[in-house]
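The following exercises are to be worked through with the sequence and the model in view. Each task is followed by a solution in steps.

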Amino acid sequence: VEQPLIDKTEILKRQELITNLNDQEITREELREYLGPIYDLERLITRITYQTANPRDMIAFCNSLEMLPPIKTLLEDLKGELATGIREHFDCLEDLCALLKSSINDDPPISVRDGNIIKTGYNEEVDRLRNASTDGKKWLADLEGKEREKTGIKNLRIKYNKVFGYYLEVTNSYKDLVPDYFTRKQTLANAERYITPELKELEDMILGAEDKLVSLEYDLFCEVRNKIAEEVVRIQRTAKAIANLDVFISLAVVADQNNYLSLIHI
């Protein structure tokens, strides 16, 4: 408004695109429908670049990117130099959208330190730690059964206390069946308590799973955010194309609603 076009050639280019948009009202309205859900890409990429974007910002960015391919398809219906320019600068950023859809949970927390950010299946260690926090009891039961069958110690039990953590308890009547890979942890009056490398690994996973999971999810989130930030030039180019298209569609709608179409020719 403060800096209107004064170059006749540029004015005619704009009028050509506005006329074209109003001649193809269905295409124009479909474009408006797809543009509606797009967040401010410039603002989002700024937050991503400065590493202040939270998980929900990333989902907002992803949801915006999902709108780009159908917009690109609809742009093929438009003619004129300005429409061609928008198409040439319009990158669907499908690789970035795919990265976000595979890595970030659809409904993540706001804070990057709350966990539950990374999708299951994106990272094997995240899946392992997540399973440890939910399936730990099953893993222990499976190990107990496996060791009981392997050693022949029928009353072997895996137990836990806060001082010694997890251990295999064997009564004195079965001490002779204890294998070499059992390491003694504590001696009782009528039993011995042992640890094995596998049980120690499970113990570390189960007891430290939550803290490790939150830390790993944070690191992976930062990694994804940095990968997106590396494509800032592509994103800004597309954001500018989207902004220009939005302006021209808004002008076309105003021209249509106020019957300016018969007046826009010089």
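A residue is buried when its relative accessible area is under 20%, exposed when that area is over 50%, and partly exposed in between (1.4 Å probe, protein chains only). Helices (H or I, at least four residues) and strands (E, at least two) are DSSP runs, numbered from the N terminus. The model is predicted: local features need pLDDT of at least 70 and side-chain atom pairs count only at pLDDT 80 or more, while totals for chains, interfaces and linings use all residues. Residues are numbered from 1 along each chain as its sequence is written, and side-chain values use heavy atoms, with hydrogens and water left out.

**Exercise 1. Determine which residues of helix α6 are buried and which are exposed.**

Step 1. Helix α6 spans residues 81-88, and its buried residues are Ala83, Ile86 and Arg87.

**Exercise 2. Carry out the analysis for the buried residues of α5.**

Step 1. Leu68, Ile71, Leu74 and Leu75 are buried in α5.
Step 2. Their arc around the axis is only 125 degrees, which puts them on the same side of α5.
Step 3. Among the elements that cover them are α2, α4, α6 and α10.

**Exercise 3. Describe how helices α1 and α2 pack.**

Step 1. Helix α1 (residues 8-23) and helix α2 (residues 25-35) have axes 5 Å apart and pack at an angle of about 95 degrees. Axes are lines fitted to C-alpha atoms, for helices over the stretch in contact, and angles run from 0 to 180 degrees between N-to-C directions.
Step 2. This angle makes α1 roughly perpendicular to α2. Angles under 35 degrees count as roughly parallel, over 145 as roughly antiparallel, 65 to 115 as roughly perpendicular and the rest as oblique.
Step 3. Contact means heavy atoms within 4.5 Å. On the α1 side are Leu21, Asn22 and Asp23, which meet Glu25, Arg28 and Leu31 of α2.

**Exercise 4. Relate helix α7 to the largest nonpolar core.**

Step 1. In α7 (residues 94-103), Leu96, Cys97, Leu99, Leu100 and Ser103 are buried.
Step 2. Viewed down the axis of α7, they fall within an arc of 160 degrees, so they line one face of the helix.
Step 3. They pack against α4 (55-65), α9 (197-229) and α10 (232-257).
Step 4. A nonpolar core is a set of buried Ala, Val, Leu, Ile, Met, Phe, Trp, Tyr and Cys residues joined through side-chain atoms within 4.5 Å. The largest has 58 residues, and those with the most contacts inside it are Phe61, Ile71, Leu100 and Ile228.
Step 5. Helix α10 gives the most to this core, with 10 residues.
Step 6. Leaving aside neighbours within four places in sequence, Leu100 is in contact with Met58, Phe61, Cys62, Leu65, Val224 and Ile228.

**Exercise 5. Is threonine 238 buried or exposed, and what does it touch?**

Step 1. Threonine 238 lies in helix α10.
Step 2. Its relative accessible area is 0%, so threonine 238 is buried.
Step 3. Not counting residues up to four places away in sequence, threonine 238 touches Leu68, His89, Phe90, Asp91 and Leu93.

Key:
The arc is that of the directions from the helix axis to the C-beta atoms.
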